[in-house]
Amino acid sequence: MAKVKGRVTFDTESCKGCKLCTYVCPVNIVIMDKEKINNKGYHPAAVKEMDRCIACANCATMCPDAVIKIEREKI
């Protein structure tokens, strides 16, 4: 089975800071970015260690507002 590397992108202005994505990440890389506040007044979700993403898409599946997109790359 080929390994998969992922890239996560967020529509940070649409994120409502519910944190659901942070709970389902198996490698614990999705965080709430405490350094940013979006137009809605929330700290948006972010990934600081993108090289650790395994492209499982748990975060995107869990997001109630579909603000997370996953790109997969076989390595």
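The following dialogue goes through a predicted model and asks what lies behind the words used for it.

Student: What is the order of the elements from the N terminus on?

Tutor: The elements run β-α-β-β-α-β, and the secondary structure of the chain comes to 2 helices and 4 strands.

Student: Why does the radius of gyration of the chain agree with that of a compact globule?

Tutor: A compact globule with 75 residues would have a radius of gyration near 11 Å, and the chain has 12 Å, so the value agrees with that expectation. Along its principal axes, the C-alpha trace spans about 40 × 20 × 20 Å.

Student: What share of the residues counts as buried, and what supplies the exposed area?

Tutor: Of the 75 residues, 33% count as buried, while the chain exposes about 5,000 Å², of which carbon and sulfur atoms supply 51%. As for contacts in the chain with a separation of 6 or more, residues 24 or more positions apart account for 64% of them.

Student: How do you know how many disulfides the chain has, when a pair of cysteine sulfur atoms must be within 2.5 Å to count?

Tutor: By this rule the count comes to 0 disulfides. Cysteine 15 is in no disulfide, and the nearest cysteine sulfur, that of cysteine 21, is 6.2 Å away. For cysteine 18, the closest cysteine sulfur is in cysteine 63 at 6.1 Å, and this is too far for a bond because the limit is 2.5 Å.

Student: Why is cysteine 15 called buried, and why is cysteine 18 called partly exposed?

Tutor: Cysteine 15 has a relative accessible area of 10%, which is under 20%, and therefore it is buried. Cysteine 18 has a relative accessible area of 33%, which falls between the limits of 20% and 50%, so it is partly exposed.

Student: Where do threonine 12 and asparagine 38 sit, and what do they touch?

Tutor: Threonine 12 is in the loop between strand E1 (4-10) and helix H1 (20-24), whereas asparagine 38 is in the loop between strand E2 (30-32) and strand E3 (45-47). Leaving aside neighbours within four places in sequence, threonine 12 is in contact with Asn38, Pro44 and Ala45, and asparagine 38 touches Thr12, Glu13, Cys15 and Pro44. Threonine 12 and isoleucine 37 are 25 residues apart in sequence, with their C-alpha atoms 8.9 Å apart in space.

Student: Why does isoleucine 31 count as partly exposed, and which residues is it in contact with?

Tutor: Isoleucine 31, found in strand E2, has 32% relative accessibility, which lies between 20% and 50%, so it counts as partly exposed. Beyond its neighbours within four places in sequence, isoleucine 31 is in contact with Thr22, Pro44, Ala45, Ala46 and Lys48. The C-alpha atoms of isoleucine 31 and proline 44, 13 residues apart along the chain, are separated by 8.4 Å.

Student: What is the phi of asparagine 28, and what is that of alanine 66?

Tutor: Asparagine 28 has a positive phi of about 50° although it is not a glycine, and alanine 66, also other than glycine, has a positive phi near 50°. Most residues other than glycine have a negative phi. Asparagine 28 is in the loop between H1 and E2, and alanine 66 in the loop between helix H2 (58-62) and strand E4 (68-74).

Student: How do you know that asparagine 28 and alanine 66 are exposed?

Tutor: Asparagine 28 has 57% relative accessibility, which is over 50%, so it counts as exposed. Alanine 66 has 52%, also over 50%, and therefore counts as exposed.

Student: Why is lysine 3 called exposed, and what does it touch?

Tutor: Lysine 3, in the segment before E1, has a relative accessible area of 63%, which is over 50%, so it is exposed. Not counting residues up to four places away in sequence, lysine 3 touches Glu73, Lys74 and Ile75. Lysine 3 and glutamate 73 are 70 residues apart in sequence, yet 8.6 Å apart in space, C-alpha to C-alpha.

How values were computed
Residues numbered from 1 in each chain as written. Predicted model: local features only at pLDDT ≥ 70, side-chain atom pairs only at ≥ 80, totals over all residues. Heavy atoms only, no water. Rg over C-alpha atoms; globule rule 2.2 N^0.38 Å. Buried < 20%, exposed > 50% of the residue type's maximum accessible area, 1.4 Å probe, protein only. Contact = heavy atoms within 4.5 Å. Areas by Shrake-Rupley, 256 points an atom, 1.4 Å probe, with all protein chains shown as cover.
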